[in-house]
Amino acid sequence: MIKLPKQLKFTSISYFCKTPFDIVCPRFWELKWIVGCPWNCSYCYLQGTLFGRKNLIKRKPLNKVVNELDRLFKWATEEKLQILLNSGEVADSCAVVSAFSEFLKVCSPLLKSYGVHKVLLVTKGGKREIKPLLDLPYCYRRFYITSFSINAIPVAKKYEKGPPNVLERIEAAKLCQENGYEVRIRLDPIIPVEGWKKAYDELIDFMFSIYELQPSRITLGTLRGLLKTIRFTNDKSWLIYLQNGEKTGWGLKMPENKRIEVYSYVLDSIRRYHNKDTALCKETTRIWKMLNLQPPGMAPIWANCKCNCVP
(Lines give C-alpha, C1' and ligand atoms only; values in the text may rest on other atoms or scores of the structure.)
Protein backbone atom coordinates (compact mmCIF):
# COMPACT_ATOMS: atom_id res chain seq x y z
CA MET A 1 0.00 0.00 0.00
CA ILE A 2 1.45 3.36 -1.09
CA LYS A 3 0.41 6.48 0.78
CA LEU A 4 1.62 9.85 -0.45
CA PRO A 5 2.45 12.45 2.19
CA LYS A 6 0.08 15.42 2.24
CA GLN A 7 2.76 17.84 1.06
CA LEU A 8 3.13 15.91 -2.23
CA LYS A 9 0.35 17.46 -4.27
CA PHE A 10 0.49 17.23 -8.06
CA THR A 11 -1.50 18.46 -11.04
CA SER A 12 0.04 16.11 -13.62
CA ILE A 13 0.65 12.97 -11.51
CA SER A 14 -1.81 10.80 -9.62
CA TYR A 15 -1.89 7.37 -8.02
CA PHE A 16 -4.77 5.27 -9.34
CA CYS A 17 -6.40 3.41 -6.47
CA LYS A 18 -10.13 3.37 -7.29
CA THR A 19 -10.50 -0.22 -8.43
CA PRO A 20 -13.85 -1.77 -7.39
CA PHE A 21 -13.54 -4.81 -5.18
CA ASP A 22 -14.85 -7.24 -7.83
CA ILE A 23 -12.41 -6.11 -10.53
CA VAL A 24 -8.79 -7.21 -10.96
CA CYS A 25 -6.87 -4.00 -11.67
CA PRO A 26 -3.73 -3.18 -9.68
CA ARG A 27 -2.88 0.31 -8.49
CA PHE A 28 -0.65 2.32 -10.78
CA TRP A 29 0.83 5.76 -11.38
CA GLU A 30 -0.64 8.11 -13.97
CA LEU A 31 1.34 10.84 -15.73
CA LYS A 32 -1.12 13.32 -17.23
CA TRP A 33 1.22 15.71 -19.01
CA ILE A 34 -1.20 15.76 -21.96
CA VAL A 35 -4.94 15.11 -21.90
CA GLY A 36 -7.16 14.19 -24.86
CA CYS A 37 -6.82 12.15 -28.03
CA PRO A 38 -7.09 13.06 -31.73
CA TRP A 39 -8.16 9.58 -32.81
CA ASN A 40 -11.80 8.64 -33.37
CA CYS A 41 -12.42 5.25 -31.73
CA SER A 42 -16.11 4.55 -31.25
CA TYR A 43 -15.82 2.86 -27.85
CA CYS A 44 -13.24 5.21 -26.27
CA TYR A 45 -13.78 5.76 -22.54
CA LEU A 46 -12.28 9.25 -22.81
CA GLN A 47 -15.59 10.30 -24.36
CA GLY A 48 -17.05 9.88 -20.89
CA THR A 49 -14.01 10.93 -18.87
CA LEU A 50 -13.82 14.25 -20.74
CA PHE A 51 -17.59 14.71 -21.13
CA GLY A 52 -17.61 14.29 -24.89
CA ARG A 53 -14.58 16.53 -25.51
CA LYS A 54 -11.83 13.94 -25.90
CA ASN A 55 -10.50 15.63 -29.06
CA LEU A 56 -9.70 18.80 -27.12
CA ILE A 57 -5.98 18.40 -26.45
CA LYS A 58 -4.66 20.06 -23.30
CA ARG A 59 -0.95 20.16 -22.46
CA LYS A 60 0.57 20.85 -19.07
CA PRO A 61 3.61 23.18 -19.01
CA LEU A 62 6.58 20.83 -19.27
CA ASN A 63 8.67 22.80 -16.77
CA LYS A 64 5.98 22.15 -14.15
CA VAL A 65 5.73 18.49 -15.18
CA VAL A 66 9.48 18.06 -14.70
CA ASN A 67 9.34 19.81 -11.33
CA GLU A 68 6.59 17.48 -10.14
CA LEU A 69 8.42 14.42 -11.43
CA ASP A 70 11.56 15.51 -9.62
CA ARG A 71 9.65 15.88 -6.34
CA LEU A 72 7.99 12.49 -6.83
CA PHE A 73 11.29 10.77 -7.61
CA LYS A 74 13.00 12.29 -4.57
CA TRP A 75 10.23 10.92 -2.35
CA ALA A 76 10.40 7.54 -4.14
CA THR A 77 14.15 7.41 -3.51
CA GLU A 78 13.56 7.92 0.21
CA GLU A 79 10.90 5.18 0.17
CA LYS A 80 13.08 2.87 -1.97
CA LEU A 81 10.41 2.65 -4.68
CA GLN A 82 10.81 2.18 -8.42
CA ILE A 83 7.98 3.90 -10.27
CA LEU A 84 6.39 3.25 -13.66
CA LEU A 85 4.28 6.19 -14.83
CA ASN A 86 1.46 5.44 -17.27
CA SER A 87 1.27 8.38 -19.69
CA GLY A 88 -1.52 6.84 -21.76
CA GLU A 89 -4.47 6.74 -19.39
CA VAL A 90 -6.02 10.07 -20.45
CA ALA A 91 -4.31 10.43 -23.83
CA ASP A 92 -2.58 8.56 -26.60
CA SER A 93 1.02 8.99 -25.44
CA CYS A 94 2.50 9.54 -28.90
CA ALA A 95 -0.33 10.88 -31.10
CA VAL A 96 0.57 14.59 -30.92
CA VAL A 97 4.04 14.13 -32.40
CA SER A 98 5.49 17.61 -31.83
CA ALA A 99 4.37 17.65 -28.19
CA PHE A 100 5.62 14.09 -27.66
CA SER A 101 9.02 15.01 -29.05
CA GLU A 102 9.32 17.94 -26.63
CA PHE A 103 8.22 15.73 -23.75
CA LEU A 104 10.99 13.23 -24.48
CA LYS A 105 13.65 15.95 -24.72
CA VAL A 106 12.68 17.49 -21.39
CA CYS A 107 11.92 14.39 -19.33
CA SER A 108 14.60 11.95 -20.52
CA PRO A 109 17.55 13.64 -18.73
CA LEU A 110 15.59 13.62 -15.46
CA LEU A 111 14.76 9.93 -15.80
CA LYS A 112 18.41 9.17 -16.52
CA SER A 113 19.58 11.15 -13.49
CA TYR A 114 17.55 8.91 -11.15
CA GLY A 115 18.22 5.77 -13.16
CA VAL A 116 15.39 3.51 -11.91
CA HIS A 117 12.05 5.05 -12.88
CA LYS A 118 10.27 4.56 -16.21
CA VAL A 119 7.44 5.95 -18.33
CA LEU A 120 4.87 3.73 -20.04
CA LEU A 121 3.87 4.99 -23.50
CA VAL A 122 0.48 3.66 -24.62
CA THR A 123 -0.38 4.31 -28.26
CA LYS A 124 -2.23 3.37 -31.41
CA GLY A 125 0.51 5.16 -33.31
CA GLY A 126 2.43 4.13 -36.41
CA LYS A 127 5.87 5.03 -37.76
CA ARG A 128 5.17 8.77 -37.76
CA GLU A 129 4.08 8.81 -34.13
CA ILE A 130 7.02 6.78 -32.80
CA LYS A 131 9.71 8.61 -34.79
CA PRO A 132 10.72 10.73 -31.76
CA LEU A 133 11.56 7.47 -29.98
CA LEU A 134 13.80 6.37 -32.84
CA ASP A 135 15.57 9.75 -32.69
CA LEU A 136 16.13 9.51 -28.94
CA PRO A 137 19.73 8.76 -27.88
CA TYR A 138 20.26 5.15 -26.79
CA CYS A 139 21.21 6.18 -23.26
CA TYR A 140 17.58 7.17 -22.62
CA ARG A 141 15.72 4.30 -24.25
CA ARG A 142 15.69 1.94 -21.28
CA PHE A 143 13.52 4.41 -19.37
CA TYR A 144 10.54 3.99 -21.69
CA ILE A 145 8.20 1.04 -22.22
CA THR A 146 6.17 1.12 -25.43
CA SER A 147 2.69 -0.40 -25.31
CA PHE A 148 0.81 -0.73 -28.59
CA SER A 149 -2.97 -0.97 -28.71
CA ILE A 150 -3.73 -3.34 -31.59
CA ASN A 151 -6.94 -4.95 -32.80
CA ALA A 152 -8.21 -7.31 -35.48
CA ILE A 153 -8.34 -5.63 -38.88
CA PRO A 154 -12.16 -5.70 -39.34
CA VAL A 155 -12.66 -4.38 -35.80
CA ALA A 156 -10.21 -1.54 -36.39
CA LYS A 157 -11.81 -0.65 -39.73
CA LYS A 158 -15.25 -0.44 -38.16
CA TYR A 159 -14.55 1.10 -34.76
CA GLU A 160 -11.06 2.69 -34.88
CA LYS A 161 -11.34 5.16 -37.76
CA GLY A 162 -8.76 7.73 -36.73
CA PRO A 163 -5.45 6.03 -35.89
CA PRO A 164 -2.99 4.33 -38.27
CA ASN A 165 -4.13 0.95 -39.56
CA VAL A 166 -3.32 -2.25 -37.73
CA LEU A 167 -0.32 -3.26 -39.84
CA GLU A 168 1.25 0.19 -39.40
CA ARG A 169 0.94 -0.19 -35.64
CA ILE A 170 2.56 -3.63 -35.75
CA GLU A 171 5.37 -2.22 -37.91
CA ALA A 172 5.88 0.58 -35.36
CA ALA A 173 6.03 -1.96 -32.55
CA LYS A 174 8.64 -3.96 -34.49
CA LEU A 175 10.73 -0.80 -35.01
CA CYS A 176 10.63 -0.08 -31.29
CA GLN A 177 11.65 -3.67 -30.55
CA GLU A 178 14.56 -3.45 -32.99
CA ASN A 179 15.70 -0.18 -31.45
CA GLY A 180 16.02 -1.31 -27.87
CA TYR A 181 12.61 -0.58 -26.38
CA GLU A 182 10.58 -2.99 -24.29
CA VAL A 183 7.33 -3.65 -26.16
CA ARG A 184 3.99 -4.58 -24.66
CA ILE A 185 0.78 -5.33 -26.56
CA ARG A 186 -2.83 -4.55 -25.70
CA LEU A 187 -5.53 -6.49 -27.55
CA ASP A 188 -8.35 -4.39 -26.19
CA PRO A 189 -11.24 -4.29 -26.72
CA ILE A 190 -11.66 -7.65 -28.39
CA ILE A 191 -14.99 -7.39 -30.19
CA PRO A 192 -16.71 -10.51 -31.60
CA VAL A 193 -17.69 -9.11 -35.00
CA GLU A 194 -18.72 -11.50 -37.74
CA GLY A 195 -15.77 -13.78 -38.50
CA TRP A 196 -13.93 -12.66 -35.35
CA LYS A 197 -12.12 -15.96 -34.73
CA LYS A 198 -10.44 -15.91 -38.12
CA ALA A 199 -9.69 -12.18 -37.76
CA TYR A 200 -7.93 -12.54 -34.41
CA ASP A 201 -6.06 -15.65 -35.57
CA GLU A 202 -4.75 -13.63 -38.52
CA LEU A 203 -3.80 -10.73 -36.27
CA ILE A 204 -1.83 -12.99 -33.94
CA ASP A 205 -0.13 -14.67 -36.89
CA PHE A 206 0.80 -11.24 -38.27
CA MET A 207 2.34 -10.18 -34.95
CA PHE A 208 4.30 -13.31 -34.13
CA SER A 209 4.94 -15.21 -37.33
CA ILE A 210 5.30 -12.49 -39.95
CA TYR A 211 6.60 -9.52 -37.93
CA GLU A 212 8.26 -11.64 -35.20
CA LEU A 213 7.19 -9.43 -32.33
CA GLN A 214 8.43 -10.50 -28.92
CA PRO A 215 6.29 -8.54 -26.45
CA SER A 216 7.20 -8.77 -22.81
CA ARG A 217 3.49 -8.74 -21.91
CA ILE A 218 0.10 -9.03 -23.56
CA THR A 219 -3.04 -7.63 -21.97
CA LEU A 220 -6.49 -8.66 -23.18
CA GLY A 221 -9.73 -6.79 -22.67
CA THR A 222 -13.31 -6.63 -23.90
CA LEU A 223 -15.79 -3.77 -24.17
CA ARG A 224 -16.41 -1.78 -20.98
CA GLY A 225 -19.56 0.34 -21.12
CA LEU A 226 -19.16 2.86 -18.35
CA LEU A 227 -22.26 5.01 -17.87
CA LYS A 228 -20.60 8.24 -19.00
CA THR A 229 -19.01 6.52 -21.99
CA ILE A 230 -22.41 5.25 -23.13
CA ARG A 231 -23.92 8.68 -22.60
CA PHE A 232 -21.32 10.66 -24.56
CA THR A 233 -20.33 8.23 -27.32
CA ASN A 234 -21.21 9.49 -30.80
CA ASP A 235 -21.24 6.09 -32.47
CA LYS A 236 -23.46 3.79 -30.43
CA SER A 237 -23.30 0.83 -32.82
CA TRP A 238 -20.83 -1.03 -30.60
CA LEU A 239 -23.35 -1.10 -27.76
CA ILE A 240 -25.10 -4.01 -29.47
CA TYR A 241 -22.42 -6.29 -28.03
CA LEU A 242 -23.38 -5.23 -24.50
CA GLN A 243 -27.02 -6.26 -24.80
CA ASN A 244 -28.02 -8.55 -21.91
CA GLY A 245 -24.53 -7.94 -20.56
CA GLU A 246 -23.12 -8.16 -17.04
CA LYS A 247 -23.15 -5.14 -14.76
CA THR A 248 -19.83 -4.96 -12.94
CA GLY A 249 -17.89 -2.51 -10.84
CA TRP A 250 -16.27 -1.36 -14.08
CA GLY A 251 -19.34 -0.79 -16.18
CA LEU A 252 -21.49 -2.95 -18.41
CA LYS A 253 -19.66 -5.84 -20.06
CA MET A 254 -20.58 -8.43 -22.62
CA PRO A 255 -22.45 -11.45 -21.21
CA GLU A 256 -20.19 -13.63 -19.11
CA ASN A 257 -20.44 -16.66 -21.39
CA LYS A 258 -19.43 -14.55 -24.42
CA ARG A 259 -16.43 -13.11 -22.61
CA ILE A 260 -15.33 -16.61 -21.64
CA GLU A 261 -15.61 -17.72 -25.27
CA VAL A 262 -13.66 -14.72 -26.55
CA TYR A 263 -10.88 -14.87 -23.98
CA SER A 264 -10.49 -18.65 -24.26
CA TYR A 265 -10.16 -18.56 -28.01
CA VAL A 266 -7.73 -15.63 -28.15
CA LEU A 267 -5.62 -17.01 -25.29
CA ASP A 268 -5.30 -20.36 -27.06
CA SER A 269 -4.26 -18.58 -30.25
CA ILE A 270 -1.65 -16.49 -28.43
CA ARG A 271 -0.20 -19.50 -26.62
CA ARG A 272 0.91 -20.97 -29.94
CA TYR A 273 3.61 -18.28 -29.93
CA HIS A 274 3.79 -16.53 -26.56
CA ASN A 275 4.32 -18.07 -23.11
CA LYS A 276 5.22 -14.92 -21.21
CA ASP A 277 3.00 -12.74 -19.03
CA THR A 278 -0.59 -12.46 -20.27
CA ALA A 279 -3.31 -10.75 -18.25
CA LEU A 280 -6.88 -9.48 -18.47
CA CYS A 281 -7.72 -5.79 -18.24
CA LYS A 282 -10.25 -4.63 -15.64
CA GLU A 283 -11.95 -8.00 -15.53
CA THR A 284 -13.84 -9.75 -12.74
CA THR A 285 -12.20 -12.29 -10.45
CA ARG A 286 -14.89 -14.77 -11.52
CA ILE A 287 -13.77 -14.58 -15.16
CA TRP A 288 -10.14 -15.10 -14.15
CA LYS A 289 -11.12 -18.24 -12.25
CA MET A 290 -13.40 -19.57 -15.00
CA LEU A 291 -10.48 -19.30 -17.43
CA ASN A 292 -8.29 -21.25 -14.99
CA LEU A 293 -6.16 -18.16 -14.49
CA GLN A 294 -5.02 -17.60 -10.92
CA PRO A 295 -6.22 -14.18 -9.70
CA PRO A 296 -2.97 -12.26 -9.19
CA GLY A 297 -2.89 -11.58 -5.48
CA MET A 298 -5.55 -10.08 -3.28
CA ALA A 299 -7.95 -7.16 -3.68
CA PRO A 300 -7.50 -4.26 -3.81
CA ILE A 301 -3.74 -4.35 -4.49
CA TRP A 302 -3.42 -7.32 -6.91
CA ALA A 303 0.32 -7.21 -6.33
CA ASN A 304 1.15 -10.14 -8.64
CA CYS A 305 -0.68 -8.86 -11.70
CA LYS A 306 1.57 -8.72 -14.76
CA CYS A 307 -0.61 -6.46 -16.88
CA ASN A 308 0.00 -3.38 -18.99
CA CYS A 309 0.10 -0.56 -16.44
CA VAL A 310 2.45 -1.90 -13.77
CA PRO A 311 6.22 -2.63 -13.63
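The expected span of a helix is 1.5 Å times one less than its number of residues. Helices (H or I, at least four residues) and strands (E, at least two) are DSSP runs, numbered from the N terminus. For the 13 residues of helix α7 (residues 166–178), a span of 18 Å should therefore result at 1.5 Å a residue, and the end C-alpha atoms lie 19 Å apart, which agrees. The structure is a predicted model, in which local features need pLDDT of at least 70 and side-chain atom pairs count only at pLDDT 80 or more, whereas totals for chains, interfaces and linings use all residues. Residues are numbered from 1 along each chain as its sequence is written, and side-chain values use heavy atoms, with hydrogens and water left out.

The protein contains 11 helices and 14 strands. Its radius of gyration (taken over C-alpha atoms) is 19 Å, which agrees with the value near 19 Å for a compact globule of 311 residues; the globule rule is 2.2 Å times the number of residues to the power 0.38. The C-alpha trace spans about 50 × 40 × 40 Å along the principal axes. Of the 311 residues, 57% are buried, where buried means under 20% relative accessible area, exposed over 50%, and partly exposed in between (1.4 Å probe, protein chains only). Contact means heavy atoms within 4.5 Å; of the contacts with a separation of 6 or more, 78% are between residues 24 or more positions apart.

Eight strands form an open sheet of mixed pairing, in the order β1-β3-β6-β7-β8-β9-β10-β13; two strands pair if DSSP finds at least two bridges between them. At the edges stand β1 (13–16) and β13 (277–280), each of which pairs on one side only. From one strand to the next, the twist averages 25 degrees; axes are lines fitted to C-alpha atoms, for helices over the stretch in contact, and angles run from 0 to 180 degrees between N-to-C directions.

Within the sheet, β6 (residues 84–86) and β7 (residues 118–123) run parallel and are joined by three bridges, with L85 opposite V119 in β7. Strand β7 is linked in turn to β8 by five bridges, again in parallel, and L121 has T146 in β8 as its bridge partner. Six bridges pair β8 with β9 in the parallel sense; here R186 in β9 is the bridge partner of S149. Both faces of β8 are covered: on one side Y144, T146, F148 and I150 are buried, as are I145, S147 and S149 on the other.

Helix α3 (residues 97–114) touches β3 (28–31), β7 and β8 (144–150), and its direction makes about 145 degrees with that of β8. Helix α8 (residues 196–210) lies across β8, β9 (182–190) and β10 (217–222), at about 175 degrees to β9. The buried residues of α7 include V166, I170 and C176, and its buried residues pack against α4 (127–135), β8, α6 (153–159), β9 and α8.

Helix α2 (residues 62–79) has 18 residues and reaches 25 Å from its first C-alpha to its last, close to the 26 Å expected at 1.5 Å a residue. Among its buried residues are L62, E68, F73 and W75. The buried residues of α2 pack against β1, β3, β6 and α3. Just after α2, K80 adopts a positive phi of about 60 degrees.
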